[in-house]
Each structure stands twice: as structure tokens, then as C-alpha cells.
Amino acid sequence: MPYPTPASPLSPTRPGAEWWRTAVIYQIYPRSFADASGDGIGDLPGITSRLGSLVDLGVDAIWLSPFQRSPQKDAGYDVADYCDVDPLFGTLDDFDDMLAKAHAGGIRVIIDLVPNHSSDQHVWFQEALASVPGSAARARYVFRDGKGPDGAEPPNNWESVFGGPAWTRTTDADGEPGQWYLHLFDSSQPDFDWSNPVVHEEFIRILRFWLDRGVDGFRVDVAHGLVKADGLPDYHPPADADSMGGEEENVPYWGQPGVHDIYREWNRVLAEYDGDRALVAEAWRPTEDETALWVRSDEMQQAFNFPYLLTEWDAAELREVISESLRAFGAVGAPSTWVLSNHDVIRHATRYALTAPLPQGHGIGPKSPGQPIPALGLRRARAATTLMLALPGSAYVYQGEELGLPEVVELDDDVRQDPTWFRTGGERYGRDGCRVPIPWSSDAPGYGFSPTGESWLPQPAVWGDLARDAQEGDPASTLSLYRTLLATRRAHGLGAGELEWLDAGDDTVAFRNGDVIVVANTGDAPVRLPAGEVLVSSADILDGMLPADSACWIAA
Ligand code: NOJ
């Protein structure tokens, strides 16, 4: 395997300088990263076989989306057994092997934890269905009687994030309609009842299971959703609501104050382990200040910066969100994080070039309004990443963005798999377009994703040109840009630096971080750069002028 094996990997970090404060963390979506078995679905041995490419890219850590046992109704975010690997992805031994080799290569490993809901195939939910109302088995989930004389109406009006009602009615043993259960997501994903201490105990057991195996942390799914408001009151969202609640206040199932007690409990569990383990919140909140509540010193270590991800390619808005992020996270002693793409959002190489806005979570398909302008998208994506990787704090990179992959818009209806697509009767395309297996080799079957050429979602014909091997050695490629950015970020300690704003024009974001000056131009006219050696640039600089939709770093 072509990666170095330092004698003493992953030494502990100093308080205040823990690895997660500055790390670049690469998100692996296991089913789409690398398939060793040849069944068209990526797996753990596939990840292990490609670790060398991540060492080479220069990332500090990887985050793996779920690989635990699951019927895969929501691509693994429906977990049936939290302490085992789904056979699709391999075995626990495969996991241990991957973890050991990642650590040997100096890469930390964060895994996904899904505590808001389980799969309906989880043994607890099966027991709940087989038990009577009011039983201890039912009390681990949110079961309620329906409204109306026959209980035929759902207990309240909540809607699933994926569309349709958030309640499904059960059938009793005698065949009669029974109680309803809550599922903020698909009907195959029943919500746990976090007011029940048994649920707390079970998740502490699960945390310890993986901590004992040596994971460096957990990305906590729907970390703003576990606690629901007392009495489960009705809620009427605005028509254009972001489905995960990122733009709404006072939603009875998002951001309830009681949720923080859970993470204080988990913080204490992690503190028993060596090695600076970390909890990362997926908490879609409307403001930076609210997001920062998840990373107070006795809770989690990081929270995804979704207000940053949702910001348009606009200098004034970017300056504002960067300032706000550094202020709000800094106020609680946490690093800011930065993220532009993940497995739930339209890839930023497409999102930045939409010709009409699309609500977050709805996805994009062939019939959507606002079809993107691909070349503009890639140009802005390269610029946006150049800006992001210069910011102090920790940054996330989603697999494939280092290749400049766009969202796959042209997927046929009959290959789509996201529950959003099915639950909205095709009204929302959902997230399949950012989950297409990534290309490694331009000439190999399946572009090297799988030895058989199988791929659970079809890869576009043009992806041969974007394959990793086609970009290797080309200094103008997006892969080379990412490598240079990551190496330069590390060499200049930008993750641990401080940002000082520089005066610039309306369409320019300009700041100094240590001995690096960063300039991004979101306007449509070139801007003059300060004198100095150009360390890295997302586009060619002509006569000291930074062209439109580009960004660069200059030695101060
Ligand atoms: C957020 C995850 O990122 C998403 O992919 C998943 O569908 C939902 N949570 C439900 O677990």
C-alpha cells in the first residue's frame, strides 16, 4: 500500500490545540467511494485500498457515513444494528483493518452515529410492534393514539423531512388498526423517545463499543432533533421551508433545549478515553449563535457550519457569514467549521451556478427550473474552496469535490433511490445526484470504482475526463488545486491562524491569515491583487489581476 507508516501515529494533541480544531476532514460516502467486492456498492475493503490516495491528498481525518447493519431504505441512515457492519460493506474485521491502516497513515476516523431514529427492522422496534400500547417496548419509541373517534387521524400535523406525514399507523395483533408511531424521516425510520433513560443507556453502550475499537469520534446525525416539545404540538412550516429546519425558529422538533443534556452526557463518556475523541453535530439551525450552542465546552467539539454552506457566491454575504462564524463559535471556545458539500446537498460545483434558486433538500433533476451552467459552477467551486481552505478552523471536503465533480442532474427516474423521491411522488428529486460513485480511472470499467464496472447509480459518460488518474500530474486540474491548497494550508498553519479583514471592493473577500493574504473575487470584473508571490490560485492571474469568480493566496 503506497502510504507512509509513521512509527508513532496520532500522538495526543495539546489542550487548546486538539487535532479537530484545525483538521481537514474528508467525508466518505461508503457506498459510492470504492467497491472492492464488485457488487456495484462501495465497501470497507474498497476504502482501505484507496487510503493512499487520501494520504496523498493531504487530509487529516475521514468521516464515514453509515456502514452499520441496515436494510438501506435511507442509504444506511436506517440502522438495524448499531454494533455491526452491514454485509454490503464488509465485516467488523474489515472495519478494524481499515481503522488500523488509516491510523498508520496518520488519518483519524470519525464514524456516523444515528441516534434520532433506528430502522424499523431494529429488534427494539420489532419488539415494540409486537407489544401492547403502554408497554416498556413501545416506550423506547414515540407511539401515540390517533385523533378522532376511531383514532384514524395522526396524533398531530407534523410532516416528514422527506415529504408526507411524519406518522404511520400500526396494525394490532388482531388485525385492527392500532397506535401511530413518529418518524421525522421515512416510515422505515421510527424516532426514539429520548425522554426514556433506557435509550440513553443504549447509546452510551454504542458509543463505548466504537470508542473501544479506536474511532476518533462521531458525526451525530440530526443532532438537533432528538428531543421533541412536550405535548407534541402542531406546527405549520412556511411554504418554502428548508426541510431540515435550517431556516426556521421555534419548531417543536428541532433545537429543543433538552437535547443539550444528551451531549453533555456523551461529552463525559468521550472524556474517559484518550486521544482527543470528538463529537460533531449535524444541527441545521438558522443562525451561527444557535449552531454554536452544540459546541459549548461541555458538549460537542464541532458543529457543521450550515449557514456557511447555504451562503450564496456573494462577497458581502460571505464576509458576513465568516465574521459571524468566527465570532459565534469563538465566543464558546470552539473552532468554526467550514463546509460546502455533503451527501445531502447539491454539490457546490453545481449549486453555485443554478440559474434559479432551489429549496435545500429538494435536489435537482432534468425537469427542475434553474438548470446550472457547468463551466461557471466549476470555476466558482474552485474559487469557493480556495477561499474556504484558507479560513481558520476545521474544514470538510466531500468525496469527489477534489475532482470538481458536479451534481448528476440527468439521472433517469427509474434509477433514483432517495426516499425523498418516492415520498413526494417525484415532486422532489432528492439527493441521488450528489451520491453517484466517484471515478478513479478514466479507462477502467466503472471508471475504476468497481472491478466489474457495476455501479449502484449510473456514472455519466463524461466522468472519464474527471477521473482521478486523468487529473494526476496536470497542474491545472482540480485535484492538483486541492493538493496544493491542503499542503499550503498545512505549511502555513492556516487552520490554527487568525483572520484579519483587509479593505477591498464590494465584490471582493480579502483577508490576511498569518503570512498569507487571501483574495476572492465574486464579481464579474477582474480585481487588482496586492504585490507578492502567488502561492496558489483557482484561475490564471493576468498582469496582477484576479479574474472574475476566482480566488488566490499570496505570500504576505
Ligand atoms: C441526515 C443525513 O445526513 C441524511 O442523509 C439522512 O437521510 C437523515 N439525516 C436521516 O437520518
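In this predicted model, an N or O atom in the side chain of R431 lies 2.9 Å from an oxygen atom of the ligand.

| Residue | Distance from a side-chain N or O atom to an oxygen atom of the ligand |
|---|---|
| H117 | 2.9 Å |
| H343 | 2.8 Å |
| R431 | 2.9 Å |

How much of the ligand's accessible area does the protein cover? Taken on its own, the ligand has 290 Å² of accessible area, and the protein covers 99% of that area.

The protein itself is divided into three parts: domain 1, made up of residues 19-114, 340-346 and 391-488, then domain 2 with residues 123-182, and domain 3 with residues 498-555. Between the C-alpha centres of domain 1 and domain 3 the separation is 31 Å, and the contact of these two domains draws on 6 residues of domain 1 and 9 residues of domain 3.

About 600 Å² is buried between domain 1 and domain 3, with carbon and sulfur atoms giving 84% of this area. On the side of domain 1, the residues P392, L485 and T488 supply 57% of the area buried against domain 3, which is more than any other three residues supply.

Which classes of residue does domain 1 present to domain 3? The touching side of domain 1 has 4 nonpolar and 2 polar residues, with no charged residues. The count of salt bridges between domain 1 and domain 3 is 0, and across their interface 0 residue pairs are found in polar contact where both residues are at pLDDT 80 or more.

Notes. Residues numbered from 1 in each chain as written. Predicted model: local features only at pLDDT ≥ 70, side-chain atom pairs only at ≥ 80, totals over all residues. Heavy atoms only, no water. Domains from an automatic or database assignment. Contact = heavy atoms within 4.5 Å. Buried area = accessible area lost by both parts, 1.4 Å probe. Salt bridge = Lys/Arg side-chain N within 4 Å of Asp/Glu carboxyl O. Polar contact = N/O pair within 3.5 Å; in protein donor to acceptor, adjacent residues only side chain to side chain. Nonpolar A, V, L, I, M, F, W, Y, C, P; charged D, E, K, R; others polar. Areas by Shrake-Rupley, 256 points an atom, 1.4 Å probe, with all protein chains shown as cover.
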